[in-house]
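Here is a short briefing to read with the model open beside you. Take the topics one by one and find each part on screen as you go.

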Number of protein chains: 2
Amino acid sequence: MNKRETIIESSIKLFSNKGFEGTSVREIAAEAGVNVAMINYYFGSKEKLFEKVVEYRTSFLRGVFSELVNNKKISQIEKVDFMIEQLIERKFSDEKFSRLLHREMSLELRPQMRSAISSILLRNIDSVKTIIRDGIKDGVFQSVDIELTATTVLGTIHYLLTSDTMCQKILGKKEGFSPFQNKQLKKRLSDHTKQLMRSHLLKK
Amino acid sequence: MNKRETIIESSIKLFSNKGFEGTSVREIAAEAGVNVAMINYYFGSKEKLFEKVVEYRTSFLRGVFSELVNNKKISQIEKVDFMIEQLIERKFSDEKFSRLLHREMSLELRPQMRSAISSILLRNIDSVKTIIRDGIKDGVFQSVDIELTATTVLGTIHYLLTSDTMCQKILGKKEGFSPFQNKQLKKRLSDHTKQLMRSHLLKK
DNA sequence: AAATTATTTAAACATTTGTTTAGTTTTAAA
DNA sequence: TTTAAAACTAAACAAATGTTTAAATAATTT
(Lines give C-alpha, C1' and ligand atoms only; values in the text may rest on other atoms or scores of the structure.)
Protein backbone atom coordinates (compact mmCIF):
# COMPACT_ATOMS: atom_id res chain seq x y z
CA MET A 1 0.00 0.00 0.00
CA ASN A 2 1.53 3.33 -1.09
CA LYS A 3 1.43 6.51 0.94
CA ARG A 4 -1.53 7.92 -0.95
CA GLU A 5 -3.66 4.90 -0.11
CA THR A 6 -2.45 4.92 3.47
CA ILE A 7 -3.76 8.44 3.85
CA ILE A 8 -7.10 7.42 2.34
CA GLU A 9 -7.42 4.40 4.60
CA SER A 10 -6.60 6.45 7.68
CA SER A 11 -9.10 9.07 6.58
CA ILE A 12 -11.84 6.49 6.20
CA LYS A 13 -11.24 5.31 9.73
CA LEU A 14 -11.13 8.76 11.28
CA PHE A 15 -13.90 10.38 9.22
CA SER A 16 -16.11 7.40 9.97
CA ASN A 17 -15.55 7.57 13.71
CA LYS A 18 -15.31 11.29 14.28
CA GLY A 19 -16.92 12.92 11.26
CA PHE A 20 -15.34 15.21 8.70
CA GLU A 21 -15.10 18.37 10.79
CA GLY A 22 -14.31 16.30 13.88
CA THR A 23 -11.13 15.03 12.28
CA SER A 24 -8.06 17.21 11.78
CA VAL A 25 -5.52 16.74 9.01
CA ARG A 26 -2.85 16.34 11.66
CA GLU A 27 -4.70 13.39 13.14
CA ILE A 28 -4.93 11.82 9.72
CA ALA A 29 -1.23 12.41 9.11
CA ALA A 30 -0.35 10.88 12.47
CA GLU A 31 -2.60 7.85 11.88
CA ALA A 32 -1.07 7.36 8.45
CA GLY A 33 2.44 8.01 9.69
CA VAL A 34 3.14 10.74 7.16
CA ASN A 35 3.96 14.42 7.24
CA VAL A 36 0.97 16.78 7.39
CA ALA A 37 2.00 18.46 4.18
CA MET A 38 1.57 15.19 2.26
CA ILE A 39 -2.18 15.50 2.49
CA ASN A 40 -2.21 18.75 0.57
CA TYR A 41 0.58 17.51 -1.65
CA TYR A 42 -1.44 14.51 -2.78
CA PHE A 43 -4.99 15.76 -2.52
CA GLY A 44 -4.87 19.56 -2.59
CA SER A 45 -7.15 20.06 0.39
CA LYS A 46 -8.93 18.26 3.19
CA GLU A 47 -12.22 18.52 1.37
CA LYS A 48 -10.82 17.09 -1.85
CA LEU A 49 -9.37 14.26 0.20
CA PHE A 50 -12.87 13.56 1.45
CA GLU A 51 -14.13 13.39 -2.11
CA LYS A 52 -11.37 10.97 -3.02
CA VAL A 53 -12.17 8.86 0.03
CA VAL A 54 -15.75 8.43 -1.10
CA GLU A 55 -14.71 7.83 -4.69
CA TYR A 56 -12.06 5.30 -3.65
CA ARG A 57 -14.42 3.28 -1.49
CA THR A 58 -17.41 3.23 -3.80
CA SER A 59 -15.75 2.83 -7.18
CA PHE A 60 -15.50 -0.94 -7.01
CA LEU A 61 -19.09 -1.73 -6.13
CA ARG A 62 -20.98 -0.46 -9.13
CA GLY A 63 -23.89 -2.36 -10.56
CA VAL A 64 -23.61 -5.62 -8.70
CA PHE A 65 -27.33 -6.17 -8.72
CA SER A 66 -28.04 -5.65 -12.40
CA GLU A 67 -27.47 -9.31 -13.22
CA LEU A 68 -29.76 -10.36 -10.38
CA VAL A 69 -32.60 -8.22 -11.69
CA ASN A 70 -32.30 -9.80 -15.14
CA ASN A 71 -31.81 -13.35 -13.90
CA LYS A 72 -34.73 -15.47 -15.10
CA LYS A 73 -33.89 -18.71 -13.35
CA ILE A 74 -35.01 -17.70 -9.88
CA SER A 75 -38.36 -16.48 -8.62
CA GLN A 76 -39.10 -12.90 -7.66
CA ILE A 77 -39.29 -13.62 -3.95
CA GLU A 78 -35.98 -15.45 -4.14
CA LYS A 79 -34.51 -12.34 -5.72
CA VAL A 80 -35.76 -10.34 -2.77
CA ASP A 81 -34.19 -12.87 -0.41
CA PHE A 82 -30.89 -12.76 -2.23
CA MET A 83 -30.85 -8.99 -2.34
CA ILE A 84 -31.54 -8.76 1.40
CA GLU A 85 -28.64 -11.11 2.07
CA GLN A 86 -26.35 -9.08 -0.13
CA LEU A 87 -27.34 -5.76 1.39
CA ILE A 88 -26.69 -7.11 4.88
CA GLU A 89 -23.42 -8.64 3.77
CA ARG A 90 -22.26 -5.31 2.40
CA LYS A 91 -23.38 -3.42 5.46
CA PHE A 92 -21.52 -5.72 7.79
CA SER A 93 -18.33 -5.56 5.75
CA ASP A 94 -18.36 -1.79 5.50
CA GLU A 95 -20.29 -0.66 8.50
CA LYS A 96 -18.33 2.45 9.46
CA PHE A 97 -18.07 3.80 5.96
CA SER A 98 -21.78 3.34 5.47
CA ARG A 99 -22.38 5.38 8.60
CA LEU A 100 -20.12 8.08 7.23
CA LEU A 101 -22.19 8.32 4.07
CA HIS A 102 -25.48 8.51 5.90
CA ARG A 103 -24.13 11.04 8.36
CA GLU A 104 -22.95 13.26 5.57
CA MET A 105 -26.40 12.99 3.97
CA SER A 106 -28.02 14.25 7.15
CA LEU A 107 -25.90 17.40 7.19
CA GLU A 108 -26.70 20.59 5.32
CA LEU A 109 -23.12 21.06 4.21
CA ARG A 110 -21.21 20.36 0.99
CA PRO A 111 -24.21 19.99 -1.34
CA GLN A 112 -22.02 18.59 -4.11
CA MET A 113 -20.74 15.83 -1.84
CA ARG A 114 -24.28 15.08 -0.72
CA SER A 115 -25.43 14.80 -4.28
CA ALA A 116 -22.68 12.31 -5.08
CA ILE A 117 -23.46 10.24 -2.01
CA SER A 118 -27.18 10.18 -2.64
CA SER A 119 -26.47 8.77 -6.09
CA ILE A 120 -24.43 5.99 -4.51
CA LEU A 121 -27.08 5.15 -1.92
CA LEU A 122 -29.76 5.35 -4.54
CA ARG A 123 -28.26 2.49 -6.50
CA ASN A 124 -29.21 0.08 -3.72
CA ILE A 125 -32.64 1.59 -3.36
CA ASP A 126 -33.30 1.45 -7.08
CA SER A 127 -32.29 -2.20 -7.27
CA VAL A 128 -34.77 -3.10 -4.55
CA LYS A 129 -37.45 -0.98 -6.18
CA THR A 130 -36.92 -2.67 -9.53
CA ILE A 131 -37.27 -6.16 -8.15
CA ILE A 132 -40.44 -5.27 -6.28
CA ARG A 133 -41.86 -3.51 -9.33
CA ASP A 134 -41.14 -6.57 -11.49
CA GLY A 135 -42.79 -8.82 -8.94
CA ILE A 136 -45.91 -6.71 -8.98
CA LYS A 137 -45.94 -6.58 -12.78
CA ASP A 138 -45.65 -10.38 -12.87
CA GLY A 139 -48.59 -10.64 -10.53
CA VAL A 140 -46.74 -12.54 -7.81
CA PHE A 141 -46.47 -9.56 -5.46
CA GLN A 142 -49.24 -7.45 -4.01
CA SER A 143 -49.46 -3.87 -5.19
CA VAL A 144 -47.56 -2.38 -2.28
CA ASP A 145 -45.96 1.05 -2.04
CA ILE A 146 -42.79 0.30 -3.95
CA GLU A 147 -40.64 3.20 -2.79
CA LEU A 148 -41.55 2.83 0.84
CA THR A 149 -41.10 -0.92 0.80
CA ALA A 150 -37.56 -0.40 -0.44
CA THR A 151 -37.15 2.17 2.30
CA THR A 152 -38.24 -0.39 4.86
CA VAL A 153 -35.63 -2.92 3.78
CA LEU A 154 -32.76 -0.45 3.83
CA GLY A 155 -34.09 1.42 6.83
CA THR A 156 -34.32 -1.70 8.97
CA ILE A 157 -30.75 -2.70 8.22
CA HIS A 158 -29.37 0.77 8.63
CA TYR A 159 -31.25 1.66 11.77
CA LEU A 160 -30.21 -1.44 13.67
CA LEU A 161 -26.58 -0.72 12.87
CA THR A 162 -26.59 3.02 13.55
CA SER A 163 -23.92 2.31 16.14
CA ASP A 164 -22.74 -0.51 18.38
CA THR A 165 -24.47 1.14 21.32
CA MET A 166 -27.79 1.47 19.48
CA CYS A 167 -27.64 -2.14 18.39
CA GLN A 168 -26.87 -3.32 21.89
CA LYS A 169 -29.69 -1.30 23.40
CA ILE A 170 -32.25 -2.30 20.79
CA LEU A 171 -31.47 -5.97 21.25
CA GLY A 172 -31.07 -5.71 25.01
CA LYS A 173 -27.49 -6.94 24.88
CA LYS A 174 -24.64 -6.06 27.21
CA GLU A 175 -21.92 -3.53 26.44
CA GLY A 176 -19.46 -6.13 25.30
CA PHE A 177 -21.66 -7.23 22.41
CA SER A 178 -20.03 -6.34 19.07
CA PRO A 179 -22.63 -6.44 16.28
CA PHE A 180 -20.15 -6.65 13.48
CA GLN A 181 -18.31 -9.69 14.74
CA ASN A 182 -21.55 -11.50 15.27
CA LYS A 183 -22.64 -14.03 12.68
CA GLN A 184 -25.83 -14.90 14.54
CA LEU A 185 -26.98 -11.32 14.26
CA LYS A 186 -26.45 -11.32 10.53
CA LYS A 187 -28.60 -14.41 10.26
CA ARG A 188 -31.22 -12.99 12.58
CA LEU A 189 -31.48 -9.72 10.70
CA SER A 190 -31.61 -11.56 7.41
CA ASP A 191 -34.36 -13.91 8.61
CA HIS A 192 -36.45 -11.10 10.00
CA THR A 193 -36.23 -8.95 6.89
CA LYS A 194 -36.98 -11.85 4.56
CA GLN A 195 -39.97 -12.93 6.61
CA LEU A 196 -41.19 -9.35 6.75
CA MET A 197 -40.98 -9.01 2.98
CA ARG A 198 -42.64 -12.35 2.33
CA SER A 199 -45.69 -11.49 4.40
CA HIS A 200 -45.77 -8.00 2.95
CA LEU A 201 -45.26 -8.87 -0.70
CA LEU A 202 -46.70 -12.32 -1.35
CA LYS A 203 -50.36 -12.66 -2.10
CA LYS A 204 -52.44 -14.58 0.43
CA MET B 1 -38.03 34.11 25.03
CA ASN B 2 -35.05 35.07 27.16
CA LYS B 3 -31.46 35.17 25.99
CA ARG B 4 -30.64 31.74 27.33
CA GLU B 5 -33.45 30.15 25.35
CA THR B 6 -32.55 32.14 22.26
CA ILE B 7 -29.07 30.64 22.39
CA ILE B 8 -30.51 27.15 22.77
CA GLU B 9 -32.93 27.60 19.89
CA SER B 10 -30.17 28.93 17.64
CA SER B 11 -27.96 26.02 18.66
CA ILE B 12 -30.64 23.50 17.78
CA LYS B 13 -30.93 24.99 14.33
CA LEU B 14 -27.20 25.14 13.66
CA PHE B 15 -26.19 21.86 15.32
CA SER B 16 -28.97 20.14 13.41
CA ASN B 17 -27.90 21.50 10.06
CA LYS B 18 -24.13 21.57 10.42
CA GLY B 19 -23.31 19.18 13.23
CA PHE B 20 -21.65 19.94 16.54
CA GLU B 21 -18.09 20.37 15.34
CA GLY B 22 -19.34 22.00 12.15
CA THR B 23 -20.87 24.85 14.14
CA SER B 24 -18.81 27.55 15.82
CA VAL B 25 -19.84 29.42 18.95
CA ARG B 26 -19.51 32.65 16.99
CA GLU B 27 -22.09 31.43 14.49
CA ILE B 28 -24.43 30.56 17.32
CA ALA B 29 -23.91 33.96 18.90
CA ALA B 30 -24.57 35.71 15.59
CA GLU B 31 -27.72 33.65 14.97
CA ALA B 32 -28.97 34.39 18.45
CA GLY B 33 -27.94 38.03 18.27
CA VAL B 34 -25.87 37.91 21.43
CA ASN B 35 -22.25 38.42 22.37
CA VAL B 36 -20.00 35.36 22.05
CA ALA B 37 -19.11 35.48 25.71
CA MET B 38 -22.74 34.90 26.69
CA ILE B 39 -22.48 31.28 25.64
CA ASN B 40 -19.79 30.56 28.17
CA TYR B 41 -21.45 32.84 30.67
CA TYR B 42 -24.70 30.89 30.56
CA PHE B 43 -23.51 27.40 29.74
CA GLY B 44 -19.84 27.18 30.68
CA SER B 45 -18.71 25.62 27.43
CA LYS B 46 -19.84 24.67 23.95
CA GLU B 47 -20.11 21.03 24.96
CA LYS B 48 -22.21 21.79 28.02
CA LEU B 49 -24.44 23.89 25.78
CA PHE B 50 -24.92 20.84 23.60
CA GLU B 51 -25.98 18.81 26.63
CA LYS B 52 -28.46 21.50 27.60
CA VAL B 53 -29.81 21.58 24.05
CA VAL B 54 -30.59 17.89 24.16
CA GLU B 55 -32.00 18.13 27.66
CA TYR B 56 -34.15 21.15 26.74
CA ARG B 57 -35.65 19.51 23.69
CA THR B 58 -36.33 16.09 25.13
CA SER B 59 -37.48 16.96 28.63
CA PHE B 60 -41.10 17.56 27.69
CA LEU B 61 -41.76 14.35 25.82
CA ARG B 62 -41.30 11.71 28.47
CA GLY B 63 -43.57 8.72 28.71
CA VAL B 64 -46.28 9.68 26.27
CA PHE B 65 -46.91 6.09 25.28
CA SER B 66 -47.30 4.52 28.71
CA GLU B 67 -51.04 5.17 28.77
CA LEU B 68 -51.43 3.69 25.30
CA VAL B 69 -49.75 0.47 26.35
CA ASN B 70 -52.11 0.10 29.30
CA ASN B 71 -55.24 1.14 27.43
CA LYS B 72 -57.64 -1.80 27.39
CA LYS B 73 -60.34 -0.31 25.21
CA ILE B 74 -58.56 -0.70 21.88
CA SER B 75 -57.14 -3.77 20.17
CA GLN B 76 -53.46 -4.56 19.90
CA ILE B 77 -53.27 -3.83 16.20
CA GLU B 78 -55.02 -0.53 16.76
CA LYS B 79 -52.35 0.29 19.31
CA VAL B 80 -49.72 -0.41 16.67
CA ASP B 81 -51.56 1.85 14.25
CA PHE B 82 -51.81 4.63 16.78
CA MET B 83 -48.19 4.33 17.74
CA ILE B 84 -47.08 4.52 14.11
CA GLU B 85 -49.14 7.65 13.63
CA GLN B 86 -47.65 9.21 16.74
CA LEU B 87 -44.08 8.33 15.80
CA ILE B 88 -44.53 9.87 12.37
CA GLU B 89 -46.21 12.92 13.86
CA ARG B 90 -43.27 13.47 16.18
CA LYS B 91 -40.73 12.93 13.45
CA PHE B 92 -42.37 15.44 11.18
CA SER B 93 -42.61 18.06 13.90
CA ASP B 94 -39.02 17.68 15.00
CA GLU B 95 -37.24 16.40 11.95
CA LYS B 96 -33.94 18.26 12.23
CA PHE B 97 -33.47 17.61 15.89
CA SER B 98 -34.13 13.94 15.36
CA ARG B 99 -31.40 13.89 12.74
CA LEU B 100 -29.05 15.56 15.17
CA LEU B 101 -29.63 12.82 17.72
CA HIS B 102 -29.09 10.02 15.24
CA ARG B 103 -26.00 11.69 13.82
CA GLU B 104 -24.49 12.01 17.25
CA MET B 105 -25.23 8.33 17.87
CA SER B 106 -23.28 7.36 14.77
CA LEU B 107 -20.15 9.18 15.97
CA GLU B 108 -17.54 7.73 18.25
CA LEU B 109 -17.25 10.90 20.27
CA ARG B 110 -18.66 12.09 23.58
CA PRO B 111 -19.66 8.68 25.00
CA GLN B 112 -21.62 10.29 27.82
CA MET B 113 -23.72 12.29 25.35
CA ARG B 114 -24.28 9.15 23.28
CA SER B 115 -25.43 7.24 26.29
CA ALA B 116 -27.97 9.93 27.14
CA ILE B 117 -29.26 10.04 23.58
CA SER B 118 -29.57 6.29 23.27
CA SER B 119 -31.74 6.31 26.38
CA ILE B 120 -34.00 8.87 24.75
CA LEU B 121 -34.29 6.97 21.49
CA LEU B 122 -34.78 3.75 23.36
CA ARG B 123 -37.99 5.01 24.91
CA ASN B 124 -39.68 4.90 21.52
CA ILE B 125 -38.22 1.53 20.69
CA ASP B 126 -39.26 0.05 24.01
CA SER B 127 -42.81 1.29 23.61
CA VAL B 128 -43.10 -0.43 20.24
CA LYS B 129 -41.51 -3.57 21.61
CA THR B 130 -43.93 -3.67 24.53
CA ILE B 131 -47.00 -3.42 22.34
CA ILE B 132 -45.77 -6.15 20.02
CA ARG B 133 -44.83 -8.36 22.95
CA ASP B 134 -48.29 -7.91 24.46
CA GLY B 135 -49.91 -8.75 21.16
CA ILE B 136 -47.95 -11.97 20.92
CA LYS B 137 -48.73 -12.86 24.53
CA ASP B 138 -52.44 -12.31 23.83
CA GLY B 139 -52.21 -14.59 20.85
CA VAL B 140 -53.34 -12.03 18.29
CA PHE B 141 -49.87 -11.47 16.81
CA GLN B 142 -47.55 -13.99 15.24
CA SER B 143 -44.36 -14.77 17.14
CA VAL B 144 -42.17 -12.39 15.20
CA ASP B 145 -38.74 -11.07 16.14
CA ILE B 146 -39.86 -8.34 18.53
CA GLU B 147 -36.69 -6.24 18.61
CA LEU B 148 -36.23 -6.27 14.88
CA THR B 149 -39.87 -5.54 14.17
CA ALA B 150 -39.57 -2.42 16.31
CA THR B 151 -36.40 -1.61 14.41
CA THR B 152 -38.30 -1.89 11.14
CA VAL B 153 -40.94 0.61 12.23
CA LEU B 154 -38.46 3.20 13.41
CA GLY B 155 -35.95 2.44 10.68
CA THR B 156 -38.49 2.95 7.91
CA ILE B 157 -39.56 6.33 9.24
CA HIS B 158 -36.05 7.49 9.97
CA TYR B 159 -34.48 6.30 6.75
CA LEU B 160 -37.01 7.99 4.51
CA LEU B 161 -36.41 11.27 6.31
CA THR B 162 -32.62 11.13 6.52
CA SER B 163 -32.63 14.35 4.54
CA ASP B 164 -34.77 16.24 2.08
CA THR B 165 -32.52 15.09 -0.74
CA MET B 166 -32.73 11.43 0.26
CA CYS B 167 -36.49 11.62 0.52
CA GLN B 168 -36.77 13.25 -2.87
CA LYS B 169 -34.52 10.70 -4.51
CA ILE B 170 -36.19 7.70 -2.90
CA LEU B 171 -39.62 8.88 -3.97
CA GLY B 172 -38.46 10.08 -7.38
CA LYS B 173 -39.58 13.63 -6.67
CA LYS B 174 -38.11 16.85 -7.97
CA GLU B 175 -35.76 19.11 -6.03
CA GLY B 176 -38.48 21.45 -4.95
CA PHE B 177 -40.31 18.73 -3.00
CA SER B 178 -40.22 19.50 0.74
CA PRO B 179 -41.05 16.35 2.71
CA PHE B 180 -41.87 18.14 5.92
CA GLN B 181 -44.47 20.46 4.48
CA ASN B 182 -46.18 17.56 2.78
CA LYS B 183 -49.27 16.14 4.39
CA GLN B 184 -49.75 13.54 1.69
CA LEU B 185 -46.36 12.06 2.49
CA LYS B 186 -47.25 11.73 6.15
CA LYS B 187 -50.37 9.81 5.18
CA ARG B 188 -48.51 7.70 2.68
CA LEU B 189 -45.77 6.75 5.14
CA SER B 190 -48.37 6.04 7.78
CA ASP B 191 -50.42 3.84 5.46
CA HIS B 192 -47.40 1.88 4.29
CA THR B 193 -46.07 1.22 7.77
CA LYS B 194 -49.45 0.21 9.12
CA GLN B 195 -50.09 -2.14 6.22
CA LEU B 196 -46.63 -3.60 6.62
CA MET B 197 -47.18 -4.27 10.30
CA ARG B 198 -50.61 -5.75 9.74
CA SER B 199 -49.37 -8.31 7.26
CA HIS B 200 -46.34 -9.00 9.41
CA LEU B 201 -48.03 -9.28 12.78
CA LEU B 202 -51.57 -10.53 12.26
CA LYS B 203 -52.18 -14.23 11.99
CA LYS B 204 -53.47 -15.49 8.67
C1' DA C 1 -30.17 56.59 47.06
C1' DA C 2 -26.53 53.47 47.75
C1' DA C 3 -24.80 49.00 47.42
C1' DT C 4 -24.86 44.69 45.43
C1' DT C 5 -25.55 41.46 42.08
C1' DA C 6 -26.46 40.06 37.36
C1' DT C 7 -25.86 40.90 32.64
C1' DT C 8 -23.42 42.43 28.68
C1' DT C 9 -19.53 44.07 26.02
C1' DA C 10 -15.10 44.43 23.27
C1' DA C 11 -10.82 42.83 23.38
C1' DA C 12 -7.42 39.59 24.16
C1' DC C 13 -5.94 34.79 25.13
C1' DA C 14 -3.84 30.49 23.92
C1' DT C 15 -4.65 26.62 20.77
C1' DT C 16 -5.80 24.53 16.88
C1' DT C 17 -7.10 24.74 12.33
C1' DG C 18 -5.97 23.94 7.09
C1' DT C 19 -2.48 25.33 4.10
C1' DT C 20 1.95 26.94 2.13
C1' DT C 21 6.76 27.72 1.84
C1' DA C 22 11.42 26.77 1.06
C1' DG C 23 14.51 23.60 1.32
C1' DT C 24 16.12 18.64 1.40
C1' DT C 25 16.28 13.89 0.15
C1' DT C 26 15.07 10.22 -2.87
C1' DT C 27 14.04 8.30 -7.29
C1' DA C 28 14.29 7.83 -12.10
C1' DA C 29 15.68 9.35 -16.65
C1' DA C 30 19.14 11.00 -19.89
C1' DT D 1 27.13 10.41 -13.59
C1' DT D 2 24.74 14.25 -14.27
C1' DT D 3 20.08 16.12 -14.42
C1' DA D 4 15.45 16.62 -13.62
C1' DA D 5 11.45 15.38 -11.51
C1' DA D 6 9.04 13.48 -7.56
C1' DA D 7 8.63 12.72 -2.73
C1' DC D 8 9.22 14.34 1.59
C1' DT D 9 10.30 17.41 5.76
C1' DA D 10 10.25 21.04 9.41
C1' DA D 11 8.80 25.32 9.98
C1' DA D 12 5.96 29.07 9.35
C1' DC D 13 1.51 31.16 7.89
C1' DA D 14 -2.87 33.35 8.47
C1' DA D 15 -7.28 32.46 9.98
C1' DA D 16 -10.50 30.40 13.05
C1' DT D 17 -11.39 28.10 17.20
C1' DG D 18 -13.28 27.92 22.26
C1' DT D 19 -12.55 30.49 26.23
C1' DT D 20 -11.36 34.22 29.55
C1' DT D 21 -10.63 38.83 31.15
C1' DA D 22 -11.65 43.24 32.81
C1' DA D 23 -14.48 46.86 32.47
C1' DA D 24 -19.18 48.83 31.67
C1' DT D 25 -24.02 48.74 32.05
C1' DA D 26 -28.49 47.17 33.88
C1' DA D 27 -31.30 45.24 37.35
C1' DT D 28 -32.27 44.21 41.97
C1' DT D 29 -31.85 44.57 46.87
C1' DT D 30 -30.95 46.96 51.00
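**Around the DNA strands**

By class, the surface near DNA strand D has eight nonpolar, four polar and four charged residues. Here Ala, Val, Leu, Ile, Met, Phe, Trp, Tyr, Cys and Pro count as nonpolar, Asp, Glu, Lys and Arg as charged, and the others, Gly among them, as polar. This is a predicted model, in which local features need pLDDT of at least 70, side-chain atom pairs count only at pLDDT 80 or more, and totals for chains, interfaces and linings use all residues. Residues are numbered from 1 along each chain as its sequence is written, while chains are lettered from A and ligands numbered from 1 in the order in which they are written.

*DNA strand D*

- DNA strand D is surrounded by 16 residues, and the closest are Asn35(A), Ser24(B), Ala37(B), Ser45(B) and Lys46(B). A residue is near a strand if its C-beta atom, placed from the backbone, lies within 6 Å of it.
- At least two residues each come from helix H3 (37–43) of chain A and from helix H2 (25–32), helix H3 (37–43) and helix H4 (46–58) of chain B. Helices (H or I, at least four residues) and strands (E, at least two) are DSSP runs, numbered from the N terminus.
- H3(A) supplies the largest share of this surface, three residues.

*DNA strand C*

- Around DNA strand C there are 15 residues, the closest being Ser24(A), Ala37(A), Ser45(A), Lys46(A) and Asn35(B).
- For the surface near DNA strand C, the largest share is three residues, from H3(B).
- That surface divides into eight nonpolar, four polar and three charged residues.

**Chain A as a whole**

- Chain A has eleven helices and zero strands.
- Its C-alpha atoms fill a box of roughly 65 × 40 × 35 Å, taken along the principal axes.
- Of the 204 residues in chain A, 37% are buried. A residue is buried if 20 or more other C-beta atoms lie within 10 Å of its own, exposed if 12 or fewer, and partly exposed in between, with C-beta atoms placed from the backbone.

**A closer look at helix H10 of chain A**

- Which residues of helix H10 (residues 164–171) of chain A are buried? They are Met166(A), Cys167(A), Lys169(A) and Ile170(A).
- Seen down the axis of H10(A), these buried residues fall within an arc of 170° (the arc of the directions from the helix axis to the C-beta atoms), so they line one face of the helix.
- Their cover includes helix H9 (146–160) of chain A, and helix H7 (95–105), helix H8 (111–137) and helix H9 (146–160) of chain B.
- Just after H10(A), Gly172(A) takes a positive phi of about 70°.

**How the two chains meet**

- The contact takes 43 residues from chain A and 42 residues from chain B. Two residues are in contact if their C-beta atoms, placed from the backbone, lie within 7 Å.
- H9(A) gives the most to the side of chain A that touches chain B, with ten residues.
- That side of chain A has 14 nonpolar, 18 polar and eleven charged residues.

**Symmetry**

- Chain A is superposed on chain B by a rotation of 180° with 0.0 Å of shift along its axis (RMSD 0.0 Å).
- Gly155(A) has the C-alpha nearest the axis in chain A, 2.2 Å from it.

How values were computed. Copies are superposed by least squares on the C-alpha atoms of residues with pLDDT of at least 70 in both.
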